[in-house]
Amino acid sequence: MDNLEDVTQPVSPSGQYFNTPPLCAYVFGFLESEIPIDDSQTMYLFQHVFLPINPRFSSIMVKDKDEKMKWKKVEVDPKDHIKVPIFPQNESNELYDQYFDDYVSKILMERTPQDKPLWEIHLIKYPTTNAEGTLIFKLHHALGDGYSLMGALLSCLQRADDPSLPLSFPNRKSSQLLPSKKSFLMKFPSTILSFFNSFSDFGWSVIKSSIIKDDKTPIWNSEEGLEFQPSVLSNLSFSLDEIKTIKSKLGVTINDVITGIIFYGIRLYMQEIDNKTRTSNSTGLVLLSTRNIGNYQSIQDMTKPNSKSPWGNHISFLHVSIPKLSTAGLSNPLEFVWEAQKIIKRKRNTFTVYLIEWLLDMELKLRGHEAVAKHIYGTLRNSSVVISNLIGPVEPMALANHPVKGLYFTMTGGPESINIAVMSYTKTLRITLKTHKGFIDEQKFKLCMVRAFEDISKVAMEIPSKTKIN
């Protein structure tokens, strides 16, 4: 092991506040294999593919003589990080589903030791109804955000059809409107409105993070310490082609459709459990990257000085009020898509996320990283649902000649009762639901999400393209 004098790389501020007593967060990436997992290449991939991605994968956090947190290079023992659980042999796929779910619930709760690099890889060599085997990457949020860590995982993978070609991603056209040719006087009112909305949303976000909690409902639990309690992970798969058809029919974006489905599904679940909460005040906390770039960059580009999309944590958040389920909403579920479109368009034309990022930076300088961790914890605690999304490749991938059938992710460490992670891969959209065990009825919640998708799809298919229903 190296001496402290050899340490040169400081831990970023965000890396510090994601690894504190109030907030110890992880990102989990799941790769589903089409064929049984052959682990004969594990050591080679570990030494020559995974560890070289970033020095942080072979480093731990230590304090130097000035009490500053630094990354310290250490020797990495594969046995400490690569886990291969043993399940009973010759069982049905349905029973292995239960073993898999129980195992995932267990590792979602566990924290990695601080005296070892902050990651683990779990090889599930048993078939489930979804895959012949599953590879689980457990990566501490101090190592980087979802963009960085997903970029790292994708750097280990190749195109299944032709490994010599790079992976490609959906064309992410800027959500901003095209540059306007209007004169300054014509643009002035919208500029003023943008400033007003930005500071209004920023003020509301500060109050929501520190003072105002959501109403107590079937999706918001008032108990303390939920981050230490068991959770359940479940998945939904939807056709991206069908979502694109809905988008074209309604003249909205894919994000509008997905957000509308999620909001509608949440309200349907709340009504199923307690009809009195159909008009309760509930908030979704949307996690966003502050990088001004669309697709993933290579690891080499991320780690360059002055990179356009540097490695690390570059995230902010927005509070979004979940639309209420009125009688009209029941008869016309598309209202949730229209409302999502209106909310996203309004938020898109503000700079609230950068004001929130600035606030966290100022709080870090004035009060320290643990105070920022408490601020983020309070923000999560006072909201009902946390929502995040990542974009996956268009083409099928493979890892060491194992075709990847499915790809999804989730995050842990916060006190929210529901965490929703959305990810695309080839022609499938995966919605992963992490729910508080014993508080959320995960089966009913899944059924409500499926119903929301089916209801919105059915009504959308009955109308002419790009025509709004009132």
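Helix α14, residues 442-461, has 20 residues, so at 1.5 Å a residue it should span 28 Å. The expected span is 1.5 Å times one less than the number of residues. The end C-alpha atoms of α14 are 29 Å apart, which agrees. The model is predicted: local features need pLDDT of at least 70, side-chain atom pairs count only at pLDDT 80 or more, and totals for chains, interfaces and linings use all residues. Residues are numbered from 1 along each chain as its sequence is written, and side-chain values use heavy atoms, with hydrogens and water left out.

Several residues of α14 are buried (under 20% relative accessible area; exposed is over 50%, partly exposed in between; 1.4 Å probe, protein chains only). They are Phe-445, Cys-448, Met-449, Ala-452, Phe-453, Ile-456, Ser-457, Val-459 and Ala-460. An α-helix has 3.6 residues a turn, so residues three or four places apart point the same way. The cover over the buried residues of α14 includes the helices α7 (240-250), α8 (254-273) and α11 (334-348). It also includes the strands β9 (231-239), β15 (418-425) and β16 (428-436).

The chain as a whole has 14 helices and 16 strands. Helices (H or I, at least four residues) and strands (E, at least two) are DSSP runs, numbered from the N terminus. Of the 470 residues, 53% count as buried. Contact means heavy atoms within 4.5 Å. Among contacts between residues at least 6 apart in sequence, 79% join residues at least 24 apart. The accessible surface comes to about 22,300 Å², and 54% of it belongs to carbon and sulfur atoms. Such areas come from the Shrake-Rupley method with a 1.4 Å probe; for residues, only the protein chains shown count as cover.

An open sheet of 7 strands has the order β5-β6-β7-β2-β14-β13-β8, with mixed pairing. Its edge strands are β5 (82-83) and β8 (158-159), and each pairs on one side only. Two strands pair if DSSP finds at least two bridges between them. Strand β5 is joined to β6 (residues 119-124) by 2 bridges, and these strands run parallel. Here Ile-82 has Ile-121 of β6 as its bridge partner.

Within this sheet, strand β2 (residues 26-33) has 8 of its 8 residues buried. In a regular strand the side chains alternate between the two faces of the sheet. Both faces of β2 are covered. Tyr-26, Phe-28, Phe-30 and Glu-32 are buried on one side. Val-27, Gly-29, Leu-31 and Ser-33 are buried on the other. Strand β2 pairs with β7 (residues 133-140) in the antiparallel sense over 8 bridges. Ser-33 has Gly-133 of β7 as its bridge partner. Another 8 bridges join β2 to β14 (residues 402-412), again antiparallel. In β14, Leu-407 stands opposite Leu-31.

A second open sheet has 3 strands in the order β1-β4-β3, with antiparallel pairing. The edge strands are β1 (9-10) and β3 (59-63), each pairing on one side only. Strands β3 and β4 (residues 69-73) are joined by 5 bridges. Lys-63 has Met-69 of β4 as its bridge partner.

Met-109 is found in helix α4 (residues 93-109). Met-109 counts as partly exposed, because its relative accessibility is 37%. Leaving aside neighbours within four places in sequence, Met-109 is in contact with Phe-228, Gln-229 and Pro-230. The C-alpha atoms of Met-109 and Tyr-26 are separated by 9.9 Å, and the two residues are 83 residues apart along the chain.

Ala-160 lies in the loop between β8 and α6. Ala-160 is partly exposed, because its relative accessibility is 40%. Not counting residues up to four places away in sequence, Ala-160 touches Pro-396, Met-397 and Ala-398. Ala-160 and Met-397 are 237 residues apart along the chain, yet their C-alpha atoms are separated by 4.7 Å.

Ser-280 lies in the loop between α8 and β10 (283-289). Ser-280 is buried, because its relative accessible area is 10%. Beyond residues up to four places away in sequence, Ser-280 touches Asp-215, Thr-217, Arg-267, Met-270 and Lys-324. By contrast, Ile-212, in the loop between α6 (184-210) and β9, is partly exposed at 33%.
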